[in-house]
Amino acid sequence: MSADLLARRTRWQAVTRQPPEPTLRVALLASYTVDPLVPYLGLGLHDAGLPATLSVGPFQQVVQQCLATDGFLAETRPDVLVVAQRLEEAGDPGPAGTGWATELVAGAEAAVTAARRHGALLVYVLPAVPATRPHGPADGMHADGVTASATAVRERLRDLLAGDPGVLLVDADEAVRTVGDGRAYHPALFRFAKVPYVEGVFGRLGAAASTLVGGFFGAVCRALVLDGDELTGAAHLLPALRELREAGVRVALRASGPGCWSTGDVVELLPVLDGWVTDDRPVADQLAEIAAEVDVALNQLVLAGTGPTDGDPVPRRVALGADARTWSDELRAARLTDRLPSRRWSGGPSTPTAAPAALSLDGFVAGLDVQVDYRPVTADAVAEVAELVARAHDFALAPAPPAAVLAERAGDLLAIRVRDRLGDYGTSGLVALDRSVQRWTVDVFSLSCPVLGKGVEAAVLRELTRRAKVDGADEVLVRWTDTGRNGTARRFLADLHAVVPADPEVRLRAARLDEGADATAAADRVTAVRR
């Protein structure tokens with residue numbers, strides 16, 4: 001990790017320790033683990049004067065979470081919804097990328113639907129062109145090559161979303177190419193935690209997204225204020241200042257007294273200045289006067305100087321280095337002229353069009369062709385399933401039991417394997433059963449994030465009910481407790497009557513079990529009963 005990225009992450013940690021009152025609620029959904037984006041996006045919004053709370057939803061559930069009327073987005077109530085999908089998780093590309101397009105367009109349409117439902121701004125991350133090239137150097141010669149297929153999908157997404165005034169587009173391909181294909185990806189971390197990119201890619205995505213969101217809410221640079229107390233050698237800024245004025249950015253000067261005018265190079269700035277304040281008032285008062293004079297909002301001022309940023313009365317500051325000869329290049333690198341399309345400033349988002357009529361959660365899940373298999377857990381596979389249970393926070397009945405405990409119960413364990421038309425997810429869940437003559441008790445039921453919202457939860461309980469009936473039992477009891485993170489599991493169990501068909505011969509019920517309570521006490525706290 002570079003020193004710049006480390007410094008930004010460190011600053012974000014300091015910001016979160018004493019967070020200001022949040023202005024925005026931001027929800028993030030992705031086909032991969034997107035948590036590394038949070039510090040860079042959060043810090044960028046903070047520096048733009050838009051402090052935010054950021055919440056990350058379960059990965060590989062973009063469509064399910066966007067189309068559900070409860071769950072993550074209903075709890076988050078976002079002002080900004082960030083959705084990032086990768087082509088690598090979209091299954092078979094199909095001829096000319098039609099398979100990829102089907103999956104990503106469904107995700108994009110679901111994201112638009114969710115953003116409209118919650119009244120949120122949608123920030124959609126266009127997927128990068130995958131680095132894999134099955135055709136090798138000849139990939140560009142194939143109409144169905146990775147480059148051609150990915151380009152077709154990206155342009156289809158751009159055509160779908162770019163005209164919507166409630167949608168901002170961030171291009172992941174730009175971030176990947178800037179870092180470089182050979183350095184942008186992190187294969188080991190992806191295998192372990194589904195984090196595909198290195199920190200540099202997330203840093204660039206966070207900077208781009210926060211700049212666009214800031215621009216949407218008006219926190220853009222409309223005027224640059226030079227700090228005359230710090231800028232000795234200001235004439236070196238003239239090339240960049242002329243470019244800023246040509247791009248429509250006002251330029252002003254502040255100083256703690258008129259003495260700055262005795263410096264010859266400051267006098268050279270007069271032709272490019274739209275205003276100045278040189279007196280002994282506090283900086284905040286000076287900037288307020290400049291904002292009024294050049295007719296911009298205070299949060300649209302950017303202060304440029306060489307001093308520390310602590311206590312600045314404006315949200316954003318460009319910190320210039322010690323060498324005045326590099327100042328023009330540093331101002332250009334600050335991208336103060338970034339602008340959203342003019343349609344963003346024509347009175348706000350237009351009236352949204354209706355969501356596609358065929359878009360529904362049930363239809364999406366039905367089209368996945370989900371297949372669930374069940375296998376006993378052998379002794380040498382306990383470590384693998386124990387690791388899965390330890391990571392499954394969203395759908396778990398209770399805190400993960402230690403691997404040693406699971407090993408002692410190897411005969412009670414049932415591994416759950418899942419595959420659908422997007423791919424084979426391998427071992428994706430675990431059930432532990434305490435079987436008696438009359439009752440089967442489920443006290444471990446964990447599923448990994450990529451398979452949630454695909455009907456796997458209900459399929460597993462239907463299969464357990466069927467097996468219990470064959471074994472002569474007349475009840476299946478699911479025991480659970482609130483871990484503080486298993487809201488997905490709790491919501492599912494609360495609606496058992498709606499998602500698992502009744503069997504007249506086997507009763508299925510879920511019972512809350514407080515720590516230390518026994519099964520009899522749990523049975524008195526039944527939250528869902530089916531006969």
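Which residues are buried in α18? In this predicted model, local features need pLDDT of at least 70, side-chain atom pairs count only at pLDDT 80 or more, and totals for chains, interfaces and linings use all residues. Residues are numbered from 1 along each chain as its sequence is written, and side-chain values use heavy atoms, with hydrogens and water left out.

Helix α18 covers residues 456-470. Helices are DSSP runs of H or I with at least four residues, strands are runs of E with at least two, and both are numbered from the N terminus. The buried residues of α18 are Val 456, Glu 457, Ala 458, Ala 459, Val 460, Leu 461, Glu 463, Leu 464, Thr 465 and Ala 468. Buried means under 20% relative accessible area, with a 1.4 Å probe and protein chains only. The 15 residues of α18 reach 21 Å from first C-alpha to last, close to the 21 Å expected at 1.5 Å a residue. The expected span is 1.5 Å times one less than the number of residues. Just after α18, Gly 472 takes a positive phi of about 95°.

Five strands form an open sheet in the order β8-β7-β6-β9-β10, with parallel pairing. Strands pair if DSSP finds at least two bridges between them. β8 (275-278) and β10 (316-319) stand at the edges. Each has a single partner strand, so one side of each is left without a neighbour in the sheet. The twist averages 25° from one strand to the next, taken between axes fitted to C-alpha atoms, with angles from 0 to 180 degrees between N-to-C directions. Four bridges join β6 (residues 223-227) to β9 (residues 301-305). Ala 223 stands opposite Leu 301 in β9.

The structure also holds three cavities of 30 Å³ or more. A cavity is a set of points on a 1 Å grid over the protein atoms alone where a 1.4 Å probe fits but cannot get out, and lining residues have an atom within 4 Å of a point. The largest cavity has a volume of about 180 Å³. A volume is the space filled by probe spheres set on the points, which are joined across faces, edges and corners. This cavity is lined by 15 residues. Gln 60, Gln 85, Glu 89, Glu 103 and Leu 422 lie nearest its centre. Helix α3 (62-67) and helix α5 (98-118) each supply at least two lining residues. α3 gives the most, with three residues.

Key:
Buried < 20%, exposed > 50% of the residue type's maximum accessible area, 1.4 Å probe, protein only. 1 Å grid on protein atoms, 1.4 Å probe; cavity = no way out; pocket = protein on both sides within 12 Å on 5 of 7 lines; lining within 4 Å.
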